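Subject: Structure for you to look at

Hello,

Here is the structure I said I would pass on. Please open it beside this message and follow along.

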Amino acid sequence: MFGPKWRRWDLPTHSEGPPVLHYPRFQHLLDEPFVRQLSVTPGFVAARIQLYNSQAEISGVPSQLAKPNRDFGHGTEEASQSKPEGQGYPVDGDDTHGQPGCRTSEQSGSGRQRKNMNEFLGDARIPNPDLLPPTAAAPSPVPNGPDTRKNRAASRFSGFFGSSNSGSSFPRELDKTEQLEAKLQSYGLFGLPRLPEQLRFDQDSWEDGEEEDEAGLRMEDSWQQIIQGAETLTRRQCHQQEAIWELLQTEASYIKKLKVITDLFLCCLLNLQDSGLLCEVEAERLFSNIQEIIRVHRLLWRTVMAPILEKARMSQNLLNPTDLSAGFKTFGSRFQPYVRYCMEEEACMEYMRNLLRQNELFRLYVTWAEKHKQCNRLKLSDMLVKPHQRLTKYPLLLKSVLKKTEDPEGREAVVGMINAVEHFINHVNSRMRHHQEQQLLATTVNRIDAYEVVEGSTDEVDKILKEFQRLDLTGPIPGTSREETRQLLLEGPLKMREGRDSKMDVYCFLFTDLFLITKPAKKAERTRVVRQPLLIDKLVCRALRDPGSFLLIYLNEFGSA
């Protein structure tokens, strides 16, 4: 893990005295589970041995470190093997006097006490050497001698296993901001994370430029580089080629901008959420169905626009506008995901603005992403409006091609493409208006309190009337299809006079099919219905001589007031 090689420490063999076990000193520690996990180095082990031996001298109980029992992590059991009294454990190449891991025969005894591995590697019960008397204080776990490999290895683990005044042996847990900064820094050093499955269209990561080459997104600087005899073309033909080239070039550039949203903003957000960061951010509310948008354009590029470029490169002939018909004649069916995206665009923008105001982590993440080289100094708000802008730009690009096209067949094909695109855009605008009207109607309904325009004389009458005192303004308009929905046309305060002396401040709503009279509540932006709804086709309105006054007459089924 740290580079330096392990040093082999062996016990010497002795011919005199009882037989002694011979095994690589401390080599068995490498097989212990928690040693493997923490990657303890010999320098650290040597420092702990030194501390252990020094404390044994202070306590007056001679002891010597022997091979620990395999169950050292579960108790304080005695070691199964020990060295006979009077024999030391010198280390080859090291001074045996006062060095870590070395014990002389004078320091050992028959009554030595064994300690388990928890104590050996830093149990809290081992006293701090700084608190010992000066004459008997143990040397520092990391000697202040030369910068040896052993000292460096011990220093590396001192923060994890050494004693501390705080009583904690592990670093504090990083807060969310530090975790986010660390993740973003790793993205900057090692590249953006791999795309999740739902975002992998034809590639695995942003850095795979080979995928862009396969899709043909890289184009020449000018159409003249692929057309033979460009200098012999007429001025009108040159303008036509420039218009077609602009359509193709802007499409490739737009796909790359969409990839910034998916591969940078969305991919990093999903990866951070897998790490437990920014989990409160709803990706779908922020980006809507952007993955479906980019899938539409990549398909259009591969099936329509890239073949046009390849055909021109192979034949070196002019770009033919009729080759675009396959993609734009079916524009309505291809671009259906735009309906949802355009309808949710404003809600996504508002959600993003709220997050930027209220969520510090999200603000930090967006700031980092906007500074990324792939973003090209664009803001997230600029990226989110790109799909809507691109959709409305297609008719302008196609009309520019039509203006420079003289061939009748080519003009007819371009006109058909323009009609298909404009028809779809009108459909999207109609759906957006309908969506906005429904939102406005829902907001208005929330401001109107319960419908209680008829007062009963007794509790029994009130109970019966309650069943019929309801009004659903969001329901369909009577006598029309379900596609026709009610819209709010006008609202405002008025003064209503009934009879000669009765006058009341009211707040009125004019809908598509009815006129509603309400009374505003005090100290609140709410109203309550005070009169039955008046159907527009049953109302008669007449202006009065008093400026700004008018008379409303409501007719019944017989045409009488």
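Predicted model: local features only at pLDDT ≥ 70, side-chain atom pairs only at ≥ 80, totals over all residues.

A crossing of two helices is called left-handed if the near helix is turned anticlockwise from the far one by less than a right angle, and right-handed if clockwise.

Helices H15 and H16

Two packed helices are described by the angle between their axes and the distance between the axes. Helix H15 covers residues 386–403 and helix H16 covers residues 408–447. Their axes are 9 Å apart, and the packing angle is about 155°. Angles over 145 degrees count as roughly antiparallel, and H15 and H16 are therefore roughly antiparallel to each other. Which hand does the crossing of H15 and H16 have? It is left-handed. On the H15 side, the residues that make the contact include His 388, Leu 391, Tyr 394 and Leu 398. On the H16 side, Arg 411, Val 414, Ile 418 and Phe 424 are among them. By class, the contact of H15 with H16 has 15 nonpolar, two polar and three charged residues.

Helices H12 and H13

Helix H12 (residues 337–358) packs against helix H13 (residues 360–370) at an angle of about 110°, and the axes are 6 Å apart. Angles of 65 to 115 degrees count as roughly perpendicular, so H12 is roughly perpendicular to H13. H12 makes the contact with Met 352, Leu 355, Leu 356, Arg 357 and Gln 358, and H13 with Glu 360, Phe 362, Arg 363 and Val 366. The residues of this contact divide into five nonpolar, one polar and three charged.

An aromatic pair

How many aromatic pairs does the structure hold? There are eleven. One of them is formed by Phe 331 and Tyr 394, which are edge-to-face, with 5.5 Å from centre to centre and 75° between the planes. Phe 331 belongs to helix H11 (residues 331–334) and Tyr 394 to H15, so this pair ties together parts that are 63 residues apart in sequence. Tyr 394 is also one of the residues of H15 that make the contact with H16.

Strand E4 (residues 488–498) pairs with strand E5 (residues 502–511) in the antiparallel sense, over ten bridges. Arg 497 stands opposite Lys 503 in E5. The hairpin of E4 and E5 has three residues between the strands, and Gly 499 there takes a positive phi near 80°. E5 also runs antiparallel to strand E6 (residues 514–520), joined to E6 by four bridges. Here Leu 510 stands opposite Phe 515 in E6, and the hairpin from E5 to E6 passes through two residues.

Regards

Key: Residues numbered from 1 in each chain as written. Heavy atoms only, no water. Axes fitted to C-alpha atoms, helices over the stretch in contact; angles between N-to-C directions. Parallel < 35°, antiparallel > 145°, perpendicular 65-115°, else oblique. Contact = heavy atoms within 4.5 Å. Nonpolar A, V, L, I, M, F, W, Y, C, P; charged D, E, K, R; others polar. Pairing = 2+ DSSP bridges. Phe/Tyr/Trp six-rings, centres within 6.5 Å; stacked < 30°, edge-to-face > 60°.
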